[in-house]
Amino acid sequence: MSVRDRQGQGRIEARFAALKAEGRAGLVTYICGGDPDPETFQTLFDGLPAAGADILEIGMPFTDPMADGPTIQAGNLRALATGMTLVRLLEHVKAFRATDDATPVVLMGYYNPIHHYGAERFLTDAREAGVDGLIVVDLPPEEDDELCLPALRSGLCFIRLATPTTDDRRLPAVLANTKGFVYYVSIAGITGAAAPTASLVEAAVARIKRSTDLPIAVGFGIRTPEQAAEIARAADAVVVGTALVGKVAGALDGEGRANGRLVGDVLGLVRDLAGGVRNAR
Amino acid sequence: MNRPNTFRAGPDERGRFGSYGGRFVAETLMPLILELEAAWEAAKTDPAFWAEMADWSKDYIGRPSPLYHAARLTEHCKGAKIYFKRDELNHTGSHKINNVVGQMLLALRMGKKRVIAETGAGQHGVATATVAARLGLECIIYMGERDIERQRPNVFRMELLGAKIHPVTSGSRTLKDAMNEALRDWVTNVETTFYVIGTVAGPHPYPAMVRDFQSVIGTEARAQMQEKEGRLPDVLVAAVGGGSNAMGLFFPFLDDPSVRIVGVEAEGRGIETGEHAAALTAGTPGVLHGSRSYLLQDADGQVVEPHSISAGLDYPGIGPEHSWLKDMGRVEYATIKDDEALDAFQLCSRLEGIIPALEPSHALAHVLKLAPTLSPETLLVMNMCGRGDKDVAAVAEHLAARR
């Protein structure tokens with residue numbers, strides 16, 4: 001199989017197949033692209049797979065992340081303050097790919113920076129850099145022709161969010177053009193808000209599974225290895241973001257610079273979360 | 001671009017005005033937005049809904065607002081005959097209440113008991129708090145910290161009316177960030193909450209719905225001008241922040257080719273300084289707060305913080321229908337600087353005994369430039385969309401700083 005064939009859907013499918021073979025759920029980690037500075041970010045990015053992350057979700061910084069809580073918004077603004085742009089973020093992905101050709105990389109963010117970049121040009125550049133999928137929060141199925149359909153044509157996965165408000169009538173529309181996996185948002189709310197209830201998540205995952213063969217990752221509000229383990233019993237993967245971005249914020253000095261413990265702190269939490277996910281079943 | 005047969009048919013079923021508009025929101029909100037669209041479609045064709053609106057308009061808002069001949073300003077300009085559409089005389093002091101009553105009656109129909117709103121200058125917040133008090137609904141208002149400082153009287157008013165004010169400390173701490181926070185609240189409380197958007201922006205159906213509620217301004221102006229002068233006006237002028245008072249005045253005249261229509265954006269300290277809020281004049285198409293429209297953004301698609309002396313115009317975007325009307329060439333868009341608006345504010349107070357809000361002071365400053373170039377037969381209508389009580393303290397400070 002050539003590198004190109006493995007990219008996009010292939011890389012994500014291969015990873016979920018491997019997880020299935022191991023009989024465990026995966027850990028999807030979110031960190032904000034460029035946070036808190038380009039060098040530290042690249043070190044974190046490169047270190048995530050060895051720490052136990054199975055799929056990497058990397059935030060594309062935006063000034064107005066409307067569906068995110070204050071912790072992730074602060075991460076976005078820190079990254080922008082150091083000059084992070086989509087072009088630079090793709091350079092970071094390229095650098096990561098030089099050492100890791102197997103771990104799926106999914107970019108998550110909002111539509112405007114991509115819209116401004118030009119959707120087609122962005123898709124070409126993202127694929128070239130080694131990106132496998134996209135999560136764009138403010139593009140519901142009603143706007144599929146903007147980016148979702150072109151992304152699928154270019155071989156990138158478009159990963160859609162399903163939420164507690166997505167009822168049975170709407171679910172088929174949400175699943176229709178989703179590729180890679182479905183991201184179930186465990187609470188109606190913003191990132192980093194209340195913790196999800198495991199029994200509700202279990203019921204929701206079962207409901208979605210009746211309509212699709214795609215793996216289901218569950219996120220929003222999961223912070224601890226114990227919570228991750230609980231969710232990992234029902235879901236194919238567990239997404240953790242705010243807790244990691246919070247760790248980044250907690251390891252900054254008075255002037256907002258990374259202290260010597262930052263990378264160790266963040267990857268340490270990833271190790272703990274991975275342990276929770278691995279021992280869940 | 002082909003000119004359509006009518007400028008009044010939009011938006012299409014996807015909520016688009018040309019390529020603008022749409023529904024760019026998180027999945028959590030989509031079911032509710034579709035529900036709102038259905039509720040609005042049903043209300044729109046229900047005579048009982050409009051009868052209720054008419055009652056509120058007449059006895060609570062105080063409509064129709066007068067069409068007033070500003071004789072001394074006309075004399076001052078020595079040109080077009082200047083009329084004010086006096087929406088500052090509405091209950092709560094601006095046009096905002098027209099829309100708020102409409103949306104809140106819709107909220108009742110949908111069984112919502114909690115309403116949220118964002119506000120910049122506070123006029124939309126005050127209108128929302130007022131109607132919520134009248135209907136006994138829980139009311140939460142999101143307002144940027146900076147705007148809270150600039151608009152103390154309105155903050156106090158909202159509190160008196162029983163609303164809870166949430167100061168927004170993120171980003172530029174102004175209207176854009178208040179809208180982000182309101183959207184976050186809505187995502188979190190989507191089952192119980194109705195989001196009363198204050199302008200012709202946001203995801204479909206808001207831009208069209210708010211326009212329809214505000215069109216009462218233009219519909220009245222049309223009839224009143226026929227009555228006073230026996231014909232249509234020649235020129236319409238209105239300030240444009242998000243653009244709701246302007247759409248309200250313009251919409252009923254869009255298909256009258258003889259009517260020249262001008263929207264006035266806030267140029268702040270000057271386009272060249274980058275400190276302005278002129279999205280149509282100096283922005284590019286982008287996607288923010290649920291729709292595609294002109295937007296102030298940098299080379300990487302990051303939203304640029306706007307500046308205007310008027311908190312009500314201090315927004316980086318603009319309603320999508322304005323973007324379309326600009327591209328179609330149907331409406332002209334001009335800009336006015338902070339200082340020019342301040343001068344117009346004072347002139348109007350002295351000549352007409354009307355203290356205007358800083359928002360329509362921008363429209364007025366443009367009228368002061370435009371009217372002298374037009375003949376005395378020209379009939380010009382400017383939307384006096386808000387009164388200046390809320391701005392007097394801020395203006396006093398600016399004038400003291402100037403000296």
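**Close-ups of a predicted two-chain model**

**View 1. Helix 15 of chain B and the residues it hides.** In helix 15 of chain B, the buried residues are L358(B), E359(B), P360(B), S361(B), H362(B), A363(B), L364(B), A365(B), H366(B), V367(B) and L370(B). That's 11 of the 13 residues, so the helix is mostly covered. Keep in mind for this and every other view that you're looking at a predicted model. The helix runs over residues 358–370, and its end C-alpha atoms are 19 Å apart; at 1.5 Å a residue it should span 18 Å, so the two agree.

View 2. Back at L107(A), setting aside residues up to four places away in sequence, the side to look at includes I58(A), M60(A), L89(A), L90(A) and V93(A), all touched by L107(A). L107(A) also touches F122(A), V131(A), G133(A), L134(A) and I135(A). As a bit of background, nonpolar side chains tend to be buried together in soluble globular proteins.

View 3. Y117(A) and F122(A) make an edge-to-face aromatic pair, 5.6 Å centre to centre with 85° between the planes. Across all chains, the whole structure holds 20 aromatic pairs.

**View 4. Rings in chain B.** W40(B), F49(B), W50(B) and F213(B) form one aromatic cluster. For a charge over a ring in this chain, look at K326(B), whose charged end sits over the ring of Y294(B), 5.5 Å from its centre.

**View 5. Where chain B meets chain A.** Here 37 residues of chain B are in contact with 33 residues of chain A. The area buried between the two chains is about 2900 Å², and carbon and sulfur atoms give 50% of that. On the chain B side, E27(B), R184(B) and Q302(B) lose the most area to chain A, together 24% of what that side buries. T28(B) is worth a look too, in the loop between strand 2 (20–24) and helix 1 (30–44) of chain B. What does T28(B) contact, leaving aside neighbours within four places in sequence? From chain A there are T163(A), T165(A) and A188(A), and from chain B there are V187(B) and V190(B). T28(B) counts as buried because its relative accessibility is 4%.

**View 6. Helix 4 of chain A and its packing partners.** This helix (residues 70–81) has 12 residues and reaches 16 Å from first C-alpha to last, close to the 16 Å expected at 1.5 Å a residue. Its buried residues are I72(A), Q73(A), G75(A), N76(A), R78(A), A79(A) and L80(A). They pack against strand 1 (26–32) and helix 12 (242–250) of chain A, and against helix 8 (175–188) of chain B. After the helix comes G83(A), with a positive phi near 90°.

**View 7. Helix 13 of chain B.** Seven of the nine residues of this helix (residues 320–328) are buried, so it is largely enclosed by the rest of the structure. The buried ones are P320(B), E321(B), H322(B), S323(B), W324(B), L325(B) and M328(B). Just after the helix, G329(B) takes a positive phi of about 80°.

View 8. Start with the cis peptide bonds: G10(B) to P11(B) has omega near 0°, and so does R63(B) to P64(B). P11(B) is in the segment before strand 1 (16–17), while P64(B) is in the loop between helix 2 (47–61) and strand 3 (67–69). Next, the positive phi values: T92(B), not a glycine, has phi near 75° and is found between strand 4 (81–85) and helix 4 (96–109). H289(B), not a glycine either, has a positive phi of about 50° and lies in the loop between strand 11 (284–288) and strand 12 (290–295). T92(B) counts as buried at 8% relative accessibility, and H289(B) counts as buried at 2%.

How values were computed
Residues numbered from 1 in each chain as written. Chains lettered and ligands numbered in written order. Predicted model: local features only at pLDDT ≥ 70, side-chain atom pairs only at ≥ 80, totals over all residues. Heavy atoms only, no water. Contact = heavy atoms within 4.5 Å. Helix = DSSP H or I, 4+ residues; strand = E, 2+ residues; numbered from the N terminus. Expected span 1.5 Å × (residues − 1). Buried < 20%, exposed > 50% of the residue type's maximum accessible area, 1.4 Å probe, protein only. Phe/Tyr/Trp six-rings, centres within 6.5 Å; stacked < 30°, edge-to-face > 60°. Lys NZ or Arg CZ within 6 Å of the ring centre and 35° of its normal. Buried area = accessible area lost by both parts, 1.4 Å probe.
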